[in-house]
Amino acid sequence: MSDTHTPTLDNLSHETRAFAPSAEFVANAIGKPEQYEAANADRLGYWAETARKVLTWDTDFTEVLDWSGAPVAKWFADGKVNAAYNALDRHVENGLGDRVAIHFEGEPGDTRSYTYSQLTTAVKQAANAFESLGVAKGDRVAVYLPMIPEAVITMLACARIGAIHSVVFGGFSADALRSRVDDAEAKLVVTADGTWRRGKPSALKPAVDEALAAPGHTVQNVLVVKRNGQDVTWNEKLDKWWSETVDSASTEHTAVGHESEHPLFVLYTSGTTGKPKGIIHTTGGYLVQAAATHRDTFDLHPETDVFWCTADIGWVTGHTYVTYAPLVNGATQVMYEGTPDSPHQGRWWEIVEKYGVTILYTAPTAIRTFMKWGRQIPDSYDLSSLRLLGSVGEPINPEAWMWYREVIGSNNGPNGEKKEHPTPIVDTWWQTETGAHMIAPLPGVTATKPGSAQTPVPGITVDVVDEMGVSVGNGEGGFLVIRDPWPAMLRGIWGDMDRYKETYWSRFEGMYFAGDGAKKDEDGDIWLLGRVDDVMNVSGHRLSTTEIESSLVAHPYVAEAAVVGAKDETTGEAVVAFVILQIEPAEGEDVVATLRAHVGKDIGPIAKPRHILVVPELPKTRSGKIMRRLLKDVAEGREVGDSTTLADSTVMTQIADSMRK
Ligand code: PRX
């Protein structure tokens, strides 16, 4: 595994505010203090009971956890369950067929709502269509779609027939798509002609065409949703329109139970080395923890709540808290295709007002952007329906947390009226690997602190340990670990089980190493302090420094590259690259623009460095390791730290000189 650095302990002990829930909130709260007690007394018993409460099992399980193959867990292993049946059919059978499952808000303003009955029918048709295209249980389906209902329909149709979906974020490039399709050996790709971006049609299918242009892939069919009607190049051998394949398929399809440990999906995420990791999640345990946390953390009352998670389905948050948990819990949710600033900066608040959203779940980077735009924008909307706010993806700074509470959570109408009790805020810590919330308050129990995720959810055991793996005391910091296996944990890395063990289980004996620094405050509550490895967090998106470095050095101009994440007020971190050139660029060429475009093509626009600095040398230790810490100091405009271990002590002066130029 890669080196870790010790987390910097910001002086978080300044923050002593805590906001207890109102008596009214407590009285109606779903999550109760007894859940912690029950889980502490009998962890596996707690999960077994929860599993039977939140899911309908085709075959009940007899064993809760089998950890004999550690670190690969088996949860509810002899049980059988169908994810799509739990998300759809059972609600229809229970008389909830007319409840709205998804209010879809398209970017140009077109809208569609699906009731549970309609969504069930759509998924049955897609399941039949996929089967008619030769997709069978265990086959992989790559999904490269915008935030449109067909994305959810595709994922659930895969789950229904036991095919394993692998969603690739629509902002990733053709090259990134191809490497994921190849790694997963996908048989089918589901995509769209395009999407809408800031009011303009933007193409998606050309990236699929480009990804599959070279032979040697395993894809047999490409199913194309017509989203914005733009011209597409048609490959007669592969391409089929969704409208001609799915819409005409039979509306009858019986869901059968799959083994609890049957893989549900593979989702690629950036690690500390260049190659993205295909994180494997299986069915039963994942769904149990997804549904239970969605119910408890968000205090879900499915009969009355309107839930809106703003994450894209290309990320794990979209998987768990758009596709699976809300539907398994029979909730009504909003799905939005566009960006927060189009056609105007009040777009989100307009949506909250329109649908009467009660629970909003988003990322700190969005909150900080709204702060920048000014409170007069949300203040002019009626956000009184909101009763709970969630945060995810990166540490939320106390200022952003307080703004979220005071501006969004206190809004009781556009006349400047304030709520008597601002809505609780839940900061949720988890990862692609953990599958569902791990550290989060229970909003009717916890007195919440601005900037802290605080307590492990019932049934989860986390700790903060020092370099040696010893639990630290209150008021101390270290590395976040998870002590016991949990239902929604990853079951491995696709095609590379050694890397799974090495990455997560080798740093500390018998504990899962999350890659995050954390601190326990005086009450023992947990504060997340950011990554301690070579992973950056840009706008809540996970990017690997090594992956971007590999991309840069693959360009003929570049001899060497080092990438760091520099603190950024809005995006959390920004990508900054230092490069040594090996060829002089052509006269008049903007080498920085060329290299940024190259990374955009290689990985995707989100990975483009904010700044690229051409430097004569990189700071290295005598053993040749790049000292990114020093580059981070430069990138963040700080005095450069201890550089005594550098092989050449003049390097940092040279870099500073070239920056001044
Ligand atoms: O560093 C932590 C940060 O995001 C990482 C996981 O990224 P990803 O797998 O893309 O999943 C993001 C959404 C679940 C973590 O290792 N992170 C996530 N949530 C928080 C967070 N850091 C601090 N506070 C959070 N609430």
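1. A polar contact is taken here as a pair of N or O atoms within 3.5 Å; within protein, one atom must be able to donate a hydrogen and the other to accept it, and residues adjacent in sequence count only if both atoms are side-chain atoms. By that rule, a polar backbone atom of Glu 394 lies 3.3 Å from a nitrogen atom of the ligand.

2. The model is predicted, with local features needing pLDDT of at least 70 and side-chain atom pairs counting only at pLDDT 80 or more, while totals for chains, interfaces and linings use all residues. Residues are numbered from 1 along each chain as its sequence is written, and side-chain values use heavy atoms, with hydrogens and water left out.

3. A nitrogen atom of the ligand is 3.1 Å from a backbone N or O atom of Gly 393, and the side chain of Asp 516 places an N or O atom 2.6 Å from an oxygen atom of the ligand. The protein buries 96% of the 540 Å² that the ligand exposes when taken alone (areas by the Shrake-Rupley method with a 1.4 Å probe; for residues, only the protein chains shown count as cover).

4. The shell around the ligand holds 17 residues, the closest being Thr 428, Thr 432, Asp 516, Arg 531 and Arg 542, where a residue counts as near if one of its heavy atoms lies within 4 Å. Helix H11 (316-328), strand S20 (425-428) and strand S25 (526-531) each supply at least two residues of this shell; helices (H or I, at least four residues) and strands (E, at least two) are DSSP runs, numbered from the N terminus. By class, the shell has six nonpolar, six polar and five charged residues, with Ala, Val, Leu, Ile, Met, Phe, Trp, Tyr, Cys and Pro counted as nonpolar, Asp, Glu, Lys and Arg as charged, and the others, Gly among them, as polar.

5. The second largest pocket has a volume of about 480 Å³. It is lined by 23 residues, of which Ser 22, Glu 24, Phe 25, Arg 387 and His 421 are the closest to its centre. Helix H1 (23-28) and helix H15 (398-408) each supply at least two residues of this lining, and H1 gives the most, with three. The lining divides into 10 nonpolar, seven polar and six charged residues.

6. Pockets and cavities are found on a 1 Å grid over the protein atoms alone: a cavity is a set of points where a 1.4 Å probe fits but cannot get out, a pocket is an open set with protein on both sides within 12 Å along at least five of seven lines, and lining residues have an atom within 4 Å of a point. Grid points are joined across faces, edges and corners, and a volume is the space filled by probe spheres set on the points.

7. Four cavities of 30 Å³ or more are found in the whole structure. The largest, of about 50 Å³, is lined by Tyr 46, Trp 47, Ala 292, Thr 293, Asp 296, Val 457 and Pro 458. Helix H10 gives the most to this lining, with three residues, and the lining residues divide into five nonpolar, one polar and one charged.

8. The second largest cavity holds about 40 Å³ of space. Its lining has four nonpolar, four polar and no charged residues, among them His 258 and His 262.
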